[in-house]
Amino acid sequence: MSNPPDQQPIVPEPLSAVNDFAHDAVLLQEAVAAVLGVKSLSHSKNEANNSLPKASGIYVDATFGRGGHSRLLLSQLADDAQLIVFDKDPTAISVARELARIDSRVTVVHDSFATLTDSLAAMGITQVDGLMADLGVSSPQIDDGSRGFSFMRDGAVDMRMDTSRGQSVAEWLMTVDEETLANVLYDFGEERHSRRIARAIKAMDSFDSTLALAEVIKVAHPKWQKGKHPATQSFQAMRIFINNELGDVDSFLEQSIAIIKAGGQLAVISFHSLEDRRIKQFLQRHSKGQYPEDEKLPMPPNRPRYFGKPKRVAPSNTEIAGNPRSRSAWLRSATRTDTAYQNEPS
Ligand SMILES: C[S@@+](CC[C@H](N)C(=O)[O-])C[C@H]1O[C@@H](n2cnc3c(N)ncnc32)[C@H](O)[C@@H]1O
């Protein structure tokens, strides 16, 4: 659905890019509105006062990328507000530092959002007004073949979001056994032919080319789907594994309960079902107070409800037409209730 002529979207100022690769922020207006706890950022030109009051407080963009969401959020924040941005990726962090140089409201953390509580505590922050994340990889990461995320461009088999630390996929493939590799392809890529593909990968002499790896997977894959490269799910699986993506998301979500103030907002965009399911179940559990393990008990305990009713938004047809990468995105958001956080295993 497009905006009616008098309801124009708000467009943030562009920031000079550190490299040539650009990222189209997905569900941009919707996510920023959600983290601010307002219905919409669009405003009518016919109204006398056509802008929302600027929000004060502390906000977190846990996945800065190229700063699309951050810059729109900053345009809605008051001069005394703070925006803390995280990213694992050194290039994303260079862009974030460039933004921080020209906007003193911005503080940059080069680390995983799984360090949320500790990183904020190091700045003397214990609670925030809004917390957002736009999960997964950015277009610049995929478009730069040398990062190893793409099976369409040749490069080193790396796939680390944080190239300053940790093991690359190539290093891992050298040592992993066939069964573990097959389990990773199945668990994180939902690849039904994981065993056959793992056998073919482990028969390779070296892992220095993404195109060579993709070709081996293609040949080993018995069922090609029209319009989808047969290495899609295997590449996704290795990327998720090497970056501990699901573990980081689980940790981030759990930490959000204590970090978000009563009345504050959580907004998370995901791009595949493994992530979306986790966010959906987390919000269901903590908004309904219903935990899966309670179902086995004769008298389910009274569990706290930390979030209000979750909302779910998908990209419009217009957005999908302009940015096909957005087609699998979901935005889920919820308002933190005033129930005090009890540090119990959930
Ligand atoms: C989809 S992009 C975000 C794009 C961003 N919203 C924008 O408008 O430019 C995801 C970003 O999250 C980063 N990322 C992924 N997992 C992360 C984690 N656990 N901690 C911090 N950053 C992470 C990636 O490096 C990537 O830059």
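Predicted model: local features only at pLDDT ≥ 70, side-chain atom pairs only at ≥ 80, totals over all residues.

Biologist: Which residues are the closest to the ligand?

Modeller: Ala25, Thr63, Gly65, Gly68 and Asp89 are the closest, out of 21 residues that surround the ligand. Two elements give two or more residues to this shell: α2 (68–75) and β4 (82–87).

Biologist: What does the UniProt "binding site" annotation cover?

Modeller: According to the UniProt record, an unreviewed entry, "binding site" covers Gly67, Gly68, His69, Asp87, Phe113, Asp134 and Gln141.

Biologist: Take Gly68. Where is it?

Modeller: Glycine 68 is in helix α2.

Biologist: Is glycine 68 buried or exposed?

Modeller: Buried. Glycine 68 has 23 other C-beta atoms within 10 Å, and the cut-off for buried is 20 or more, so glycine 68 counts as buried.

Biologist: And what is glycine 68 in contact with, leaving aside its neighbours within four places in sequence?

Modeller: His23, Ala25 and Leu28.

Biologist: OK, His69 next. Which helix is histidine 69 found in?

Modeller: Histidine 69 is found in helix α2. It is buried, with 27 other C-beta atoms within 10 Å.

Biologist: What is histidine 69 in contact with?

Modeller: Setting aside neighbours within four places in sequence, histidine 69 contacts Ala25, Leu28, Ala31, Val32, Asp61, Met132 and Asp134.

Biologist: Changing topic. How many residues are in the largest nonpolar core?

Modeller: The largest nonpolar core has 58 residues. Ala31, Val32, Val35, Ala62 and Val85 have the most contacts inside it. Helix α1 (residues 28–36) gives the most to this core, with seven residues.

Biologist: What does valine 35 touch?

Modeller: Not counting residues up to four places away in sequence, valine 35 touches Tyr59, Leu73, Gly130, Met132, Gln265 and Ala267.

Biologist: Last topic, domains. Which domains does the assignment give?

Modeller: The domain assignment gives domain 1 (55–140 + 245–335) and domain 2 (163–242). Their C-alpha centres lie 29 Å apart.

Biologist: How many residues of domain 1 are in contact with domain 2?

Modeller: Five residues of domain 1 are in contact with five residues of domain 2. On the domain 1 side, the classes are four nonpolar, no polar and one charged.

Key. Residues numbered from 1 in each chain as written. Near = placed C-beta within 6 Å. Helix = DSSP H or I, 4+ residues; strand = E, 2+ residues; numbered from the N terminus. UniProt positions renumbered as here; feature names shortened; annotations may be inferred. Buried ≥ 20, exposed ≤ 12 C-beta atoms within 10 Å, placed from the backbone. Contact = placed C-beta atoms within 7 Å. Core = buried A, V, L, I, M, F, W, Y, C linked by C-beta atoms within 7 Å. Domains from an automatic or database assignment. Nonpolar A, V, L, I, M, F, W, Y, C, P; charged D, E, K, R; others polar.
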